[in-house]
Each structure stands twice: as C-alpha cells, then as structure tokens.
Amino acid sequence: MHPLLVVIIVAAVAAVFCWIASLVTEDTSWVDRLWSVVPVVYVWIFAVAGLTGGGDATRLVVMAVLVTAWGARLTFNFARKGGYTGTEDYRWAILRSRMSPALFQVFNLLFIVLYQMTLLVLITLPALVAWQHPSPFGVWDAVFAVLFVAFLVGETVADQQQWDFHQRKARGEAEGFLTTGLFATSRHPNFFFEQGQWWAFYALGASAAVSDGLGFWGGVINPSIIGAVLLTLLFIGSTVFTESISASKYPDYAQYRRTTSMLVPLPRRRVAVN
C-alpha cells in the first residue's frame, strides 16, 4: 500500500476519534493531545516504506528520528502542564463563550478537528518528497538536520524558562508575564523555534528533490511547502489571539509589545515604536 494512503487512513481515524471524543466529553482539546503524536507516526510510515523499498533511506530515517525527538519534547511539555488530565485549552473556552453553541460546533468540526488534523498531515509531506527521491544523504541534509536540532534546543530552553516562571508565579514569587531570558528578545520564542523546526524539515525534503535532479521549481520550491506555510499562518493567528487575551489581563503588555519582537528573537528596542 502506498505510504501516503496509509497516512491518510491513520489521519482519518484520528480525526473521527477527536471529533467524537470532543462531543462525548465536551472537551475540544483532543487534537491538542494528538498534536505531538500523529506527525511522528506519519513520518515513520514514510521511513519504513523507504527502508523496505530498497533505496537509500538514510535521509528518511534522520527525518523520522528528528520528528520523534520533536514529539517527545512536546509531549513531555504538554503533559507536565496537565494536557493529558482532561484540562481544556483556555483559548477554546474563550472562543466558546463568544459563539453560539451551534456555531462553535461547526468551528469545532471544520477548524479544530478537520483543518488541524489535515495540517498535521501536510507538515509531514516533505517525508513523502524524500521517499519519492531517495538520493544519498549529503552535506546540505546535515546542515538542515543540525538546524532542526538547534531550533529544538531553542524551544526546549524557551519552554523551560516559561515553565519555571509559571511555577514561581504559582508560589506567589512572580506576577504578570515573562519578559526575561529568551522572552526579552521575542514575545513568543517557543513559537518561533517550533515553526523553525518544520521549515528545516521542509528543507530536508527539498534537499532530496534537488539532489535527485530537480531544480528551483519542483525542488527547492515544491508542493510540500504548503504545510510549513499553513503552520506559520496558524501560529501567527494563534499568537494574535493569545496576545489579545494577555493585553486584556495585563496593562503593561502594550509596552512589552512595543519594545519586543513578536516572534523572531531580536535585541529589545530601547525606544518604543508605534
């Protein structure tokens, strides 16, 4: 069976499960709980297909190992925040309060479940490109793999800084929002590093296509880029929504916005910019 078909079948089963579970439990965070799991499964499906296909599967195995590390880190961070204990993402509760019950269920089905589960397939499609073009693992592949790891480390540090801050806040030792460490250079460094990993993953697939003889169009730029693009757009939209909540809770957040980059880590501006 074609590995992409296997991925689609697994994704469809996962989507149906998330939708039914959200209706039964009245909790719309089921996709969140699978977010760090199903991409690992999808990439390993392509990697196994490559290993059993007789071609050079080195790049695919590296991609699968990298995504497994990504999934393990994200699963750990999600679990320690109580994500698997039945706690719903607070943003879904806020959206639910702003919509009628019927409209929210349409939003749940079309966006929370179908769109996001489709996106989780799309971001792994560079592995399909690598499977289709089993060229030898090269220098550029090593560069992109190291870049992926660098982004992974960056996100790990950012999440740990955020976790430590919220632990101090829970003990009454801090208040407001985090503005130190990596958060002095970006309001959402963890979001930046998360997206960076998937752009590096896309680059690995593009490297396979280029090494197999494809040029700029079809190689460097190929259809699997849609996953990384849509993920970036999703994060930008999520960031804007999250910041609207923070701004309503903390008056000082407006100044933080003016002096600190939203995503890309940059030196803090000394003078507020309108």
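Predicted model: local features only at pLDDT ≥ 70, side-chain atom pairs only at ≥ 80, totals over all residues.

Reader: Which residues make the contact of α5 and α6?

Author: From α5 come Trp 92, Leu 95 and Arg 96, while α6 supplies Phe 104, Phe 107, Phe 111, Ile 112 and Gln 116. By type, six residues of this contact are nonpolar, one is polar and one is charged.

Reader: At what angle do α8 and α9 pack, and how far apart are their axes?

Author: Helix α8 (residues 139–170) packs against helix α9 (residues 189–211) at about 165 degrees, and their axes are 8 Å apart. Because angles over 145 degrees count as roughly antiparallel, α8 is roughly antiparallel to α9. Their crossing is left-handed. The contact of α8 with α9 has 15 nonpolar, six polar and four charged residues.

Reader: Now the largest pocket: what is its volume, and how many residues line it?

Author: The volume is about 1800 Å³, and the lining has 48 residues. Nearest the centre of the largest pocket lie Lys 81, Asp 89, Tyr 90, Arg 91 and Phe 191.

Reader: Which element gives the most to the lining of the largest pocket?

Author: That is α10, with nine residues. The elements giving two or more residues include both helix pairs discussed above, α5 with α6 and α8 with α9. The lining divides into 20 nonpolar, 16 polar and 12 charged residues.

Notes:
Residues numbered from 1 in each chain as written. Heavy atoms only, no water. Axes fitted to C-alpha atoms, helices over the stretch in contact; angles between N-to-C directions. Helix = DSSP H or I, 4+ residues; strand = E, 2+ residues; numbered from the N terminus. Parallel < 35°, antiparallel > 145°, perpendicular 65-115°, else oblique. Left-handed = near helix turned anticlockwise from the far one by under 90°. Nonpolar A, V, L, I, M, F, W, Y, C, P; charged D, E, K, R; others polar. 1 Å grid on protein atoms, 1.4 Å probe; cavity = no way out; pocket = protein on both sides within 12 Å on 5 of 7 lines; lining within 4 Å. Points joined across faces, edges and corners; volume = space filled by probe spheres on them. Contact = heavy atoms within 4.5 Å.
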